[in-house]
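Please read these points with the sequence and the structure open beside you. They go from ring pairs to the ligand and then to the protein as a whole.

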Amino acid sequence: MNAQPVNPRGQTIAGLLADLRSQFEASQVAQPETDARILVCDLMGISLTDLILDGDRVVDEGGAKRILAAAHRRCLGEPVHRILGHRWFYGIDLHLSPATLEPRPDTETLVEAALPLAREVVGKKAICKILDLGTGSGAIALAILAEIQAAVAVVSDISGDALDAARKNARLNGLQDRFSTCRSNWFEAIDGRFDLIVSNPPYIRSADIAALSREVKEHDPLLALDGGPDGLDAYRAIAEGASRHLAEGGMVLLETGFDQHEDVIKIFRDAAFSCLSQLKDIGGNDRVLVFGKAG
Ligand SMILES: C[S@@+](CC[C@H](N)C(=O)[O-])C[C@H]1O[C@@H](n2cnc3c(N)ncnc32)[C@H](O)[C@@H]1O
């Protein structure tokens with residue numbers, strides 16, 4: 001006897017979407033509508049507009065099977081972009097690996113802050129050298145390279161697997177010629193000086209990790225989250241080494257936790273840096289600091 005077809009009623013796009021939404025609501029997924037739309041659009045290769053205008057289209061059995069399998073994983077707590085294996089970040093598509101943090105929209109604030117500074121450097125020097133510390137998927141450096149043709153980047157991470165993912169992302173986005181990697185514990189193995197040093201380091205207090213959502217603590221690597229007892233270990237290491245690796249007039253741009261600006265500014269002041277600007281993310285939280293050498 002044949003197995004029961006996955007899509008026996010010839011389910012439509014709108015029907016599948018409604019099905020996913022109710023499965024997600026029942027499983028207490030935080031954003032049932034959004035996640036259902038992302039999964040259906042991505043797995044069918046259609047836009048949000050198609051999703052609305054083509055709601056009556058019948059989904060073939062293979063497509064429905066893939067979508068329902070993905071929905072099952074989402075109900076078990078896997079984040080939607082982990083299921084898809086990639087995520088868009090500032091206009092570039094990034095492959096995700098278990099060794100990389102899933103890049104977040106908050107981090108686009110750091111890219112936004114870096115772009116005008118990088119353009120200014122290119123205006124003066126015809127090139128802008130960028131160092132991205134703790135690069136993960138390569139998100140920050142690759143987003144800048146995609147926008148600024150005259151920028152080159154060295155990216156580093158303590159995780160060799162994260163660097164593999166970053167190299168893959170550079171190739172996928174055609175940016176490999178202006179991109180190189182260096183496995184390093186912050187500045188330890190870094191050579192040379194840079195116009196911009198950028199970093200979104202781990203900044204969660206160790207004791208707060210247990211209280212993070214299941215999506216974060218079970219799917220983002222601990223190495224990407226744990227900032228030590230007070231969440232500030234990485235900032236101390238970066239403040240300590242940055243002067244030796246900044247070009248004349250260079251700047252350091254850092255993502256921080258929403259409640260860390262004051263502490264990070266103090267760490268950098270003690271290392272003879274001045275805070276040049278403080279930026280908030282799209283949710284209105286403190287998120288990015290820009291430093292230059294004092295005096
Ligand atoms: C919060 S994640 C940021 C990833 C990526 N830059 C982003 O914004 O999506 C922090 C990254 O720092 C790396 N990291 C942790 N400790 C490190 C260390 N001691 N030296 C260098 N990188 C480190 C982690 O492996 C992780 O990729």
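1. Two rings of Phe, Tyr or Trp (its six-membered ring) count as a pair if their centres lie within 6.5 Å; planes under 30 degrees apart make the pair stacked, planes over 60 make it edge-to-face, and the rest are tilted. A pair of aromatic rings is described by the distance of the centres and the angle of the planes. The structure holds 2 aromatic pairs. In one, the ring centres of Phe 268 and Phe 273 are 5.5 Å apart with the planes at 65°, so this pair is edge-to-face. In the other, Phe 268 and Phe 291 have centres 4.3 Å apart and planes at 10°, so this pair is stacked.

2. A note on the source of the values: this is a predicted model, in which local features need pLDDT of at least 70 and side-chain atom pairs count only at pLDDT 80 or more, while totals for chains, interfaces and linings use all residues. Residues are numbered from 1 along each chain as its sequence is written, and side-chain values use heavy atoms, with hydrogens and water left out.

3. Ring pairs link Phe 268, Phe 273 and Phe 291 into a cluster.

4. Are Phe 268 and Phe 273 buried or exposed? Both are buried, a word that stands for under 20% relative accessible area, with exposed meaning over 50% and partly exposed in between (1.4 Å probe, protein chains only). Phe 291 counts as buried because its relative accessibility is 0%. The charged end of Lys 293 sits over the ring of Phe 273, 4.5 Å from its centre; this requires NZ of Lys or CZ of Arg within 6 Å of the ring centre and within 35 degrees of the ring normal.

5. Strand S9 also holds Val 290, which is buried at 3% relative accessibility. Val 290 touches several residues beyond four places away in sequence, among them Leu 117, Met 251, Leu 253, Cys 275 and Leu 279; contact means heavy atoms within 4.5 Å.

6. Ser 184 is in the loop between strand S5 (179-183) and strand S6 (194-199), and is buried at a relative accessible area of 5%. Its side chain reaches the backbone oxygen of Trp 186 at 2.7 Å and the backbone nitrogen of Glu 188 at 3.4 Å. Such a polar contact is a pair of N or O atoms within 3.5 Å; within protein, one must be able to donate a hydrogen and the other to accept it, and residues adjacent in sequence count only if both atoms are side-chain atoms. Not counting residues up to four places away, Ser 184 touches Ser 156, Asp 157, Ile 158, Ala 189 and Ile 190.

7. Which residues are closest to the ligand? Of the 17 that surround it, the closest are Gly 134, Asp 157, Asn 185, Trp 186 and Asn 200, where near means a heavy atom within 4 Å. A polar side-chain atom of Asp 157 is 2.6 Å from a ligand oxygen atom. A ligand nitrogen atom lies 2.7 Å from a polar side-chain atom of Asn 185, and a nitrogen atom of the ligand is 2.9 Å from a polar backbone atom of Trp 186. Taken alone the ligand exposes 600 Å², and the protein buries 95% of that. Accessible areas come from the Shrake-Rupley method with a 1.4 Å probe; for residues, only the protein chains shown count as cover.

8. In helix H10 (residues 233-242), the buried residues include Ala 234, Tyr 235 and Ile 238. The buried residues of H10 pack against strand S3 (128-133), S6, strand S7 (246-255), H11 and strand S8 (273-280).

9. Last, the whole protein: there are 11 helices and 9 strands. Of its 295 residues, 48% count as buried. The protein exposes about 14100 Å², of which carbon and sulfur atoms supply 51%.

Terms used: Helix = DSSP H or I, 4+ residues; strand = E, 2+ residues; numbered from the N terminus.
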